[in-house]
Amino acid sequence: MGDDNISTFSADGGQDTVGLPRIVMVTEGSDTSLSSPSSTSPDDDNWADLIKSTEIPPEYWHIQKLVKYMKAGNQTATMVALSCLKDHDLTIEVNQRAIQEIGGLELLVNLLETRDLCCILGGLAVLRDITPNIEIRKKVTDLGAIPLLVGLLSDPARDVQILAAETIANLGRIRKSRKFCRKFGGIPKLIDLLDIKERYLLTPREELNADEEQFLDIGRAGAKALWSMSASQRNREAMRKYGMIPLIAKMMKTIHLDVAIPAIGLLQMCANETSFQLAIQTEKMVDDLITHLANPDKDLKTYCSLAIYKCASDSITRDMIRNAGGLELLVEAASDSTNRPNKPLLAAVTGALWKCANSDESVRRLDYLGAVPILVNLLDDENDGVLTNVAGALAECAKYPPNREKIKSSGGIPMLIHHLNNTYKPLLENVPLVLMECAKEPLCMTEIDELDGVRLIWSLLKNDSKRVQTNAALALSPCVQNAADSGEMVRSFVGALELTVDLLDSDDKNVLSAVCAAIATIARDNENLAVISDHGVVAKLSKLVNTTDDHLRANLGVAIAYCCDWAQNRQEFGKRGAITPLVNYMTSRDPVVHRSTALALYHLSFYSVNCVTMHAAGVVQFLLETIGSKDPILQEASAGCLCNIRKLALATEKVKLKQ
């Protein structure tokens, strides 16, 4: 995925297109706008239909009367009305509408400015219960609630701090609130709430007194609010700047589930940032993550897996995860059939496995744990995010040769080929990579060919995603190379060769590099080489020779080498000025570039004019150095090219002597 593309789930049940599920209290977005286009409000038409089609419940009118009493009455009447209001279920939309439509939101926000503690607590309690509603969140934010709530975070009454932080957590699901919270100094105040004594975090609640429990609740509320705020990159940077990392590292050690969930939820959101990834490493948070990963709670397991997914791109962190027993827990979670309906958890776990598998030691450990058949069994899942991550994990595991046979014997190849018909681009990026590795095994390649997999991979070159094109082209090389009758197979795909050559006009270097690798393989068959030569492959390859990208240079050199062996192709490369730039490739520090360049120069040197051009460009000095290489291919190609240049020189001397 690519590193990393994976599907995410928001708390509202929506789905983003990033690659992994996230059950968070916020919607991703920057603070560049005062509105939150990523949040969706309920349809006003639904409310109108409710009024028309059904009788409005009596609670609606009762709530509106209570709000009127609050408006008209004194302090005592307001307190009584607030108490009665709390007796209703304020999570129901009808009751929320009742408060909103009679102007209750303005009144509740105004209560936050009073000096009466009971009124403030009552108003906060109601606001906390009704602000999960997106429409009310927007309205309350527009009424200026955020600065008032930020001020209440410093109130000496702990109940006020808890309710204010929980209300901010709800409001923080929209961009405007996140921006205002940062602007009015809310981030450092929320971070202060996390400063809890370690003894409270490690002591069971039944052994704590009421005051000590309240400190736990303050930390939990602060973590929830910061979790909500962390959807903004600027807020995440502010959290780091104001010293949140040591405090969150301390909270990670908690034994209390209600504190651990928001703390790790906050951590996995911040783990997008490199500074937090490094902190997870240096502050020894990986061990705590693995400890919480063993907890049976599904949400906690999801957030731990997401944090691992985001951090495991670093090799040191991967080693720490493996040494702490994280792979065992992830494989166990992936194999647990009770987790199948929980798509956010399943996608988080498989995403973590994908990233952890990006090292030989981890792949061997996963092989020992029997992870491959478990992952193959998940290929029949209906969720695209899960499938993407499973394919990514299998692509990493398949780099270890014994696992290719396991994918085949577990029935993975037919399912992988079936997913080539999918339209979800992150999935289409990963599936060709699995088949690319499997194609290196003859039995797997036979099955891929029989199921028409090569044709489907080739068809992905028409996809409008550059990454899909790149990975499909990469997969073609081993497929063509290892197919039983590759030349005939390739020619049987109508328009395939023309499509491949046309991709050399791409403006993406990764696509160009992968296509060059595919052309180098295709060109080894003379008939296919003749076809791509007719489609102008020499001219297109010649246009690319001035590149400075070593990855492209490496594959371009091999493509040029194998395209020389048809008709007048090597002469045409010389006429199009490809020789001198190729000689300049020898100044690269990449030994792979040296090998492919020497191979290209060797094939080009069979035409005498090219030898003259090479000699004039100073190729001999480079070849004399590379001829002593320990790489046999580079050594042989360098010697062959020097030999051809020397033969030309000798022939020229003989002609001069005769004259």
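**A friendly note on helices, salt bridges and loops**

1. Helices here are DSSP runs of H or I with at least four residues, and strands are runs of E with at least two, numbered from the N terminus. The phi of Lys284 is near 60°, a positive value in a residue other than glycine. With a relative accessible area of 54%, Lys284 is exposed; that word means over 50%, buried means under 20%, and partly exposed lies in between (1.4 Å probe, protein chains only).

2. A word on the model before going further. This is a predicted model, in which local features need pLDDT of at least 70 and side-chain atom pairs count only at pLDDT 80 or more, while totals for chains, interfaces and linings use all residues. Residues are numbered from 1 along each chain as its sequence is written, and side-chain values use heavy atoms, leaving out hydrogens and water.

3. Asp452 is placed between helix H29 (442–450) and helix H30 (453–459). Its phi is near 65°, again positive in a residue other than glycine, and Asp452 counts as partly exposed at 30% relative accessibility.

4. Next, the salt bridges, of which a search of the whole structure finds 43. The term covers a side-chain nitrogen of Lys or Arg within 4 Å of a carboxyl oxygen of Asp or Glu. One of them joins the side chains of Arg220 and Glu166 (3.0 Å, N to O). Because Arg220 lies in helix H13 and Glu166 in helix H9 (residues 158–171), this pair ties together parts that are 54 residues apart in sequence. Arg220 is buried at 15% relative accessibility, and Glu166 is buried at 8%.

5. Helix H13 (residues 210–229) also holds Glu212. This residue is buried, with a relative accessible area of 11%. Setting aside residues up to four places away in sequence, Glu212 touches Arg199, Tyr200 and Glu207, where contact means heavy atoms within 4.5 Å.

6. Lys440 pairs with Glu437, their closest N and O atoms being 3.1 Å apart; Lys440 is partly exposed at 41%, whereas Glu437 is buried at 6%. Asp631 pairs with Arg595, with the closest N and O atoms 3.4 Å apart. Asp631 lies in the loop between helix H42 (619–626) and helix H43 (632–658) and Arg595 in helix H40 (residues 591–604), so this bridge ties together parts that are 36 residues apart in sequence.

7. Which residues of helix H41 (residues 608–616) are buried? They are Asn610, Cys611 and Met614. Viewed down the axis of H41, these buried residues fall within an arc of 105°, so they line one face of the helix; the arc is taken from the directions from the helix axis to the C-beta atoms. Val612 and Ala616, on the other side of H41, are exposed. Just after H41, Gly618 takes a positive phi of about 85°.

8. Finally, a helix pair. Helix H34 (residues 509–522) and helix H37 (residues 550–563) pack at an angle of about 30°, with their axes 8 Å apart. Axes are lines fitted to C-alpha atoms, for helices over the stretch in contact, and angles run from 0 to 180 degrees between N-to-C directions. H34 and H37 are therefore roughly parallel to each other, a label for angles under 35 degrees. Residues of H34 including Leu512 and Cys516 meet residues of H37 including Leu552 and Tyr562.

Definitions and conventions:
Angles under 35 degrees count as roughly parallel, over 145 as roughly antiparallel, 65 to 115 as roughly perpendicular and the rest as oblique.
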